[in-house]
Amino acid sequence: MTGFQALRIAEICAAQDVRSPAVRELVADMAARDRRRTLPELHHFSRRLGVPA
């Protein structure tokens with residue numbers, strides 16, 4: 001399981017917790033590291049959270 005998959009499961013189980021500042025910062029960092037956009041789902045997820053990627 002990837003970190004992104006774990007975040008998606010967390011969003012399903014506790015969406016309010018996924019919107020915390022710490023998680024938003026984690027998602028922003030993950031999206032920034034995916035410069036080649038090999039995980040388009042991650043970038044869609046970051047936009048849903050309102051995180052700049």
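## Helices α1 and α4

In this predicted model, α1 and α4 pack at an angle of about 40 degrees, with their axes 11 Å apart. The axes are lines fitted to C-alpha atoms, for helices over the stretch in contact, and angles run from 0 to 180 degrees between N-to-C directions. The two helices are therefore oblique to each other (under 35 degrees counts as roughly parallel, over 145 as roughly antiparallel, 65 to 115 as roughly perpendicular, and the rest as oblique). Helices here are DSSP runs of H or I with at least four residues, numbered from the N terminus.

The crossing of α1 and α4 is left-handed, a term for a near helix turned anticlockwise from the far one by less than a right angle. On the α1 side, Phe4, Leu7, Arg8 and Glu11 meet Glu41, Leu42, Phe45 and Arg48 of α4. By class, this contact has 4 nonpolar, no polar and 4 charged residues. Ala, Val, Leu, Ile, Met, Phe, Trp, Tyr, Cys and Pro count as nonpolar, Asp, Glu, Lys and Arg as charged, and the others, Gly among them, as polar.

## Helices α1 and α3

α1 and α3 pack at an angle of about 145 degrees, and their axes are 12 Å apart. Gly3, Phe4 and Leu7 of α1 make the contact with Val23, Leu26, Val27 and Met30 of α3. Its residues divide into 6 nonpolar, 1 polar and no charged. α1 passes α3 in a left-handed crossing.

## The nonpolar core

The largest nonpolar core has 10 residues: Phe4, Leu7, Val18, Val23, Val27, Ala31, Leu42, Phe45, Leu49 and Val51. Two or more of these residues come from each of α1 (3-13), α3 (21-33) and α4 (40-49). Such a core is a set of buried Ala, Val, Leu, Ile, Met, Phe, Trp, Tyr and Cys residues joined through side-chain atoms within 4.5 Å.

Glutamate 11 lies in helix α1 and is buried, with a relative accessible area of 12%. Buried means under 20% relative accessible area, exposed over 50%, and partly exposed in between (1.4 Å probe, protein chains only). Leaving aside neighbours within four places in sequence, glutamate 11 is in contact (heavy atoms within 4.5 Å) with Val18, Arg19, Phe45 and Arg48.

Arginine 47, in helix α4, is exposed, with a relative accessible area of 51%. From C-alpha to C-alpha, arginine 47 and phenylalanine 4 are 14 Å apart in space, and they are 43 residues apart in sequence.

## Basis of the values

Residues are numbered from 1 along each chain as its sequence is written, and side-chain values use heavy atoms, leaving out hydrogens and water. As the model is predicted, local features need pLDDT of at least 70 and side-chain atom pairs count only at pLDDT 80 or more, while totals for chains, interfaces and linings use all residues.
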